[in-house]
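Biologist: I am new to this structure, so please take me through some of its local features one at a time.

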Amino acid sequence: MTRSNPPVEEADENDLDVGTPKEWAAGLPGVYHSMQPALKHMGVERSARTLLRMNQKQGFDCMSCAWPDPSDHRSTFEYCENGAKAVTWEATPVTVSSDFWAEHSITELRGRSEYWLGMQGRLTEPVYKAAGEDHYRPVSWDRAITIISDKLKSLASPDEAAFYTSGRASNEAAFIYQLFIRALGTNNMPDCSNMCHESSGVAMGQTIGIGKATVAYNDYLTCDLMIVIGQNPGTNHPRMLSAMEKQKENGGQIVAVNPLPEAGLRRFKNPQKPKGVVGRGTDLADQFLQIRSGGDMALLQAVSKRVLEAEDRNPGTVLDHEFIAEYCEGLDELREHLSGLDEETVLEATGLRSEEIDELADRYIRSKRTIITWAMGVTQQKNGVGTIKEMINLLLLRGNMGRPGAGASPIRGHSNVQGDRTMGIWEQMPDSFLDALGKEFRFEPPREHGVDSVAAVRGMRDGHIKFFLALGGNFVAAMSDTAATEAAMQNLEMNAQISTKLNRSHTVISEDAEALILPTLGRTEIDIQATGPQFVSVEDTVSAVHSSEGRVDPVAPGLLSEVAIVSRLARATVGDRIDADWQGFEDDYDRIRDHIAHVVPGCENYNRRIREKDGFLLANGPRDSRKFNTPSGKAMITVNELDPMECPPGRLILQTMRSHDQFNTTIYGYNDRYRGIKKGRHVVFVNPEDLAELGFKDGDLVDVHGEYLDGKDRALRKFRAVAYPTARGCAAAYYPEANVLVPLDDTVKGSNTPVSKGVIIRLEPAADGPAGGTGEENAKENMPATV
């Protein structure tokens with residue numbers, strides 16, 4: 001039974017309360033904060049039918065993080081607190097009524113918070129905003145599809161359109177989406193990978209020939225040493241804590257490298273075990289290196305240098321010479337390069353002591369099986385690509401690749417973001433994929449590379465891109481340089497979004513533009529098509545592909561699946577321009593999977609293998625057979641120039657991050673329980689000694705100004721300064737609020753990912769005016785020039 005438009009109160013930042021940060025994660029509070037919103041918003045029956053089927057065989061895949069599922073010891077409660085929040089947010093019976101659109105103008109909605117927009121409930125009918133109007137109005141599905149199709153056909157070139165993809169899209173939806181886009185004639189496919197793990201794909205692709213983890217799930221449990229760099233498992237992928245607990249029980253060690261001490265890296269109280277309820281739980285990190293933001297490359301080079309020096313002292317006992325000789329190249333060049341590494345430069349860049357680096361090097365040398373795992377704390381640094389290459393160097397020196405319990409492990413932050421890339425969602429797919437796609441559907445796919453997310457904003461800004469379609473996600477809130485992104489989006493002639501709930505991207509529309517919102521089924525919901533019930537498939541962070549099948553009735557009768565929406569758009573727009581059965585794809589998802597089997601490497605016999613008990617594991621050369629798809633056929637030990645981040649006196653290095661009540665741009669609430677924040681998000685975390693040196697005290701209201709070479713003033717107004725044990729010289733604030741500080745043209749070298757983990761800021765006493773980000777009123781004037 002549905003209900004509509006509940007009253008939702010906006011947060012009053014004046015009520016913000018700051019308490020003591022937690023020293024452990026989960027436990028009974030984790031259970032309470034999982035179940036309380038589920039029972040409140042879904043009720044007992046719907047909560048049971050969703051949560052007990054999440055991440056289970058013949059169930060549905062969690063729509064939040066991409067952490068893999070255990071195959072042989074899956075729990076009845078195979079979900080975490082934030083996974084439960086994600087399910088509650090999607091499977092809520094609250095719906096947006098038809099009257100809502102007449103009651104609320106787009107101008108009004110734009111003034112609402114992300115939290116308020118999401119809490120209005122599920123979208124249930126297509127809506128359309130005509131040029132010159134300020135309201136969405138309900139329209140039929142046929143009318144909505146025709147409006148979009150007619151617009152696409154009217155463009156002077158397919159390259160005047162851009163097609164965004166969020167990580168929530170299934171493999172089946174992603175495959176036919178990229179097919180539709182390429183049949184139209186463009187590769188303009190910005191996606192959420194551009195903003196998170198693009199640096200991982202570039203660095204790993206260039207060094208080991210594949211941009212995916214070289215480990216399987218059980219490797220996390222059996223490694224001797226896990227080095228966790230730039231990630232916060234307790235909030236961003238909490239089920240990883242269970243694997244870390246098991247690794248510790250098996251005698252392994254963990255080293256955490258992060259500018260902030262995070263509760264989920266200190267101690268874990270597993271609520272499914274007695275010691276997690278009444279006991280102390282499990283201490284996780286054996287060593288915590290509180291590194292200065294941007295110092296990870298210097299740390300990794302220093303450890304590699306110590307490994308090489310240990311080999312020199314005891315020849316033949318430290319390096320894996322047999323592995324290096326057969327499978328690698330570049331050792332001599334690395335040895336020569338690191339011989340000149342200056343220790344004082346390393347200590348300045350990292351903020352660490354030599355003894356701390358010595359300890360990490362000793363742990364690594366003693367370990368026979370090491371995994372290095374990382375997330376966006378690394379990938380969004382200016383030198384993120386080079387830093388990941390240094391991780392690969394360190395692993396290769398001791399043969400930690402293609403061995404049980406060892407390897408490289410980027411942790412994806414969104415459920416199927418890796419699967420979408422596998423299915424062809426990339427603006428620069430290789431010719432081998434395009435050749436297979438063209439042969440399968442009898443057409444010539446476009447070969448010129450398209451735009452990524454940053455380039456898409458530039459294209460909209462400059463008037464080259466006039467149409468934008470998003471398959472899920474919240475592009476406006478996810479992108480850097482909020483003012484520049486919003487101004488660019490308002491240059492569009494049409495903005496269309498395939499969504500489950502309202503978000504800010506539905507509101508950033510110029511008066512003269514057209515806009516549509518197409519509501520879609522969620523992962524939790526039963527999907528019935530002409531041939532009967534359907535399921536989809538996803539790929540997790542270790543390349544395991546498995547099915548996902550909704551278990552609750554759709555929240556409204558008129559919803560279409562992502563596959564159905566894309567199929568209808570393609571049928572109306574490109575028709576029989578290629579040899580694709582668009583109607584058949586909507587009717588029976590097996591037909592899509594048959595084509596995937598012919599086009600996507602490693603997906604042979606897809607329909608049979610996806611129905612196996614645990615799905616299947618995609619082939620991975622470095623993991624399976626130590627084969628490296630590089631020009632030489634060997635893993636590349638690389639030389640990377642150390643370029644330490646410089647921070648002028650009186651300034652700090654800021655990183656953006658999630659709160660605990662959030663998933664990506666979705667705000668579940670205004671509390672960050674583990675960091676001690678309640679009833680607000682307008683905070684900046686600063687080391688207490690830095691606050692004192694800058695002339696501030698805990699609780700002061702400050703304006704946070706970003707400093708960049710273009711001289712534009714980007715600022716967060718009236719943020720609460722919170723004394724917090726960050727690394728000295730470092731600060732942190734929540735995104736998407738802090739995205740306003742990240743310039744559009746400040747991107748990672750080699751990957752074009754926004755540098756959200758390295759913003760030079762200054763703090764000033766808060767000026768009069770409203771709290772929040774600035775620059776929107778002069779956004780076009782403040783937009784950086786194209787670099």
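**Charge, helix faces and backbone**

Modeller: E329, D332, E333 and E336 gather in a patch of negative charge on the surface, where a patch takes residues with over 30% relative accessible area and no salt bridge, like charges being joined within 9 Å. A salt bridge is a side-chain nitrogen of Lys or Arg within 4 Å of a carboxyl oxygen of Asp or Glu. This is a predicted model, in which local features need pLDDT of at least 70 and side-chain atom pairs count only at pLDDT 80 or more, while totals for chains, interfaces and linings use all residues. Residues are numbered from 1 along each chain as its sequence is written, and side-chain values use heavy atoms, with hydrogens and water left out.

Biologist: Which helix gives the most to the negative patch?

Modeller: Helices are DSSP runs of H or I with at least four residues, strands are runs of E with at least two, and both are numbered from the N terminus. With three residues, the one that gives the most to the negative patch is the helix at residues 331-339, α16.

Biologist: Is D332 buried or exposed?

Modeller: Buried means under 20% relative accessible area, exposed over 50%, and partly exposed in between, with a 1.4 Å probe and protein chains only. Because its relative accessibility is 58%, D332 counts as exposed.

Biologist: Which residues of α16 are buried, and how wide an arc do they cover around the axis?

Modeller: The buried residues of α16 are L331, L334 and L338. They lie on the same side of α16 because the arc that they cover around the axis, taken from the directions from the helix axis to the C-beta atoms, is only 60°.

Biologist: Which exposed residues does the face of α16 turned away from its buried side carry?

Modeller: An α-helix has 3.6 residues a turn, so residues three or four places apart point the same way. On the face of α16 turned away from the buried side, the exposed residues are D332, E336 and S339.

Biologist: What is the phi of R442, which is not a glycine?

Modeller: R442 has its place in the loop between α22 (431-441) and α23 (453-461), and R442 is exposed, with a relative accessible area of 67%. Most residues other than glycine have a negative phi. For R442, phi is positive, at about 55°.

Biologist: What is the omega of the cis peptide bond that joins Y735 and P736?

Modeller: P736 has its place in the loop between β32 (730-734) and β33 (757-765). Most peptide bonds are trans. The bond joining Y735 and P736 is cis, with an omega of about 10°.

Methods. Patch = residues over 30% accessible without salt bridge, like charges linked within 9 Å, V, L, I, M, F, W, Y side chains within 5 Å. Areas by Shrake-Rupley, 256 points an atom, 1.4 Å probe, with all protein chains shown as cover. Lys, Arg positive; Asp, Glu negative; His and termini not counted. Charge placed at Lys NZ, Arg CZ, Asp CG, Glu CD.
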